[in-house]
Amino acid sequence: MSAAPLLEVRGLTKRFGGLLANDDVSFTVGQGEIVSVIGPNGAGKSTLFNCVTGFYRPNAGQVLFGGREITRLAADRICKLGIARTFQIVQVITDMTVLENVMTGAFLRSARRSAAREKAEEILRFAGLHEKLDAAATSLTIEGKKRLEVSMALATRPKLLMLDESMAGLNPVELRQMIALLRRVRESGVTLVIVEHVMEAVMELSDRVVVINSGRKIVEGPPKEVVVNPQVIQAYLGDRYRARG
Ligand SMILES: Nc1ncnc2c1ncn2[C@@H]1O[C@H](COP(=O)(O)OP(=O)(O)O)[C@@H](O)[C@H]1O
Ligand SMILES: [Mg+2]
């Protein structure tokens, strides 16, 4: 076997009162992989992201990053160690420009304003947002805001980027662009975990897919196997997606 996985989630359990939002969930993510987490609304996908990134404290289980336990660390510590994430509800800073938003991410690694600005500009060029640099963040379309969120996360120089529904609400052209951007992110050496309902993106991007339902992992495997799995079709896909070819 190769080196330890970049991310390892072991028996992660999160309760809200009587509700088990994550129930003994385990999976690993290797360096350089793109792993998708799919499942119906309310399955516990965002909760899983929140537990891994330190926004929620799990009731049981462990999270290891690069072999090191990070389970009870605060969100800013986890970000500093190299995990960045976006939120299902877009979270840009509304009274700042596009550039300033991305600089807030870059300040994690450099206290100097000039260095943060340089990094932010580099990321904005990479993400195809450079021409909007001075625009107010609020003036962007949904697609632009999603791209901005990814840019803010990338500006923290993550090893692992976790994206929560970054394709939602995109038209077909925007979807192609976002898929292309995420491919470039991976090529730049960043590992990705994505929560996504847009199956076209899941099929094209993922090396592996983890399916959760009612808080539990039900299936895991390569995308082509997962989409024809009867349990996955019953719990989630139904008629929404038919494997082609
Ligand atoms: N902060 C919270 N307090 C109480 N219940 C929550 C909280 N966050 C999520 N839940 C509940 O946990 C379950 C899983 O939610 P979530 O992780 O958002 O699912 P998904 O992202 O897969 O749609 C849902 O039943 C949701 O209502
Ligand atoms: Mg969610």
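Is S46 buried, partly exposed or exposed? S46 is partly exposed, with a relative accessible area of 21%; buried means under 20%, exposed over 50% and partly exposed in between, taken with a 1.4 Å probe on protein chains only. This is a predicted model, in which local features need pLDDT of at least 70 and side-chain atom pairs count only at pLDDT 80 or more, while totals for chains, interfaces and linings use all residues. Residues are numbered from 1 along each chain as its sequence is written, chains are lettered from A and ligands numbered from 1 in the order in which they are written, and side-chain values use heavy atoms, with hydrogens and water left out. Helices (H or I, at least four residues) and strands (E, at least two) are DSSP runs, numbered from the N terminus.

**Magnesium site**

- The magnesium ion (ligand 2) has S46 (OG) and Q88 (OE1) as its protein donors, lying 2.1 Å from it.
- S46 belongs to helix α1 (residues 45-52) and Q88 to the loop between β6 (83-85) and α3, so the pair ties together parts that are 42 residues apart in sequence.
- Donors are N, O and S atoms within 2.8 Å of the metal (3.2 Å for Na, K and Ca); water is not among the atoms, so sites may look incomplete.
- Q88 counts as partly exposed, at 36% relative accessibility.

**Nonpolar cores**

- A nonpolar core is a set of buried Ala, Val, Leu, Ile, Met, Phe, Trp, Tyr and Cys residues joined through side-chain atoms within 4.5 Å.
- The largest such core has 39 residues, of which V102, L148, L161, M167, L192 and L205 touch the most other members.
- Two or more residues of this core come from each of α3 (98-106), α4 (113-126), α5 (142-154), β7 (160-164), α6 (172-187), β8 (191-195) and α7 (199-205).
- With six residues, α6 gives the most to this core.
- A second, separate core holds 25 residues, including V9, C51, V63 and I83.
- Leaving out residues up to four places away in sequence, L161 touches A84, R85, V150, A153, L154, V185, V190, T191, L192 and V193, where contact means heavy atoms within 4.5 Å.

**Helix α3 and its neighbours**

- Seven of the nine residues of α3 are buried, so this helix is largely enclosed by the rest of the structure.
- The buried residues are V98, L99, N101, V102, M103, G105 and A106, and they pack against α4 and α5.
- α3 and α5 pack at an angle of about 35 degrees, and their axes are 7 Å apart; axes are lines fitted to C-alpha atoms, for helices over the stretch in contact, and angles run from 0 to 180 degrees between N-to-C directions.
- In this contact, V98, N101, V102, T104 and G105 of α3 meet L148, S151 and M152 of α5.
- A115 is in helix α4 and counts as partly exposed at 21% relative accessibility.
- The C-alpha atoms of A115 and M103 are separated by 9.3 Å, and the two residues are twelve residues apart along the chain.

**Positive phi in loops**

- Most residues other than glycine have a negative phi.
- R157, which is not a glycine, has a positive phi of about 55 degrees; R157 sits in the loop between α5 and β7 and is partly exposed at 44%.
- S214 also has a positive phi, near 50 degrees.
- S214 lies in the loop between β9 (208-213) and β10 (216-221) and is exposed, with a relative accessible area of 56%.
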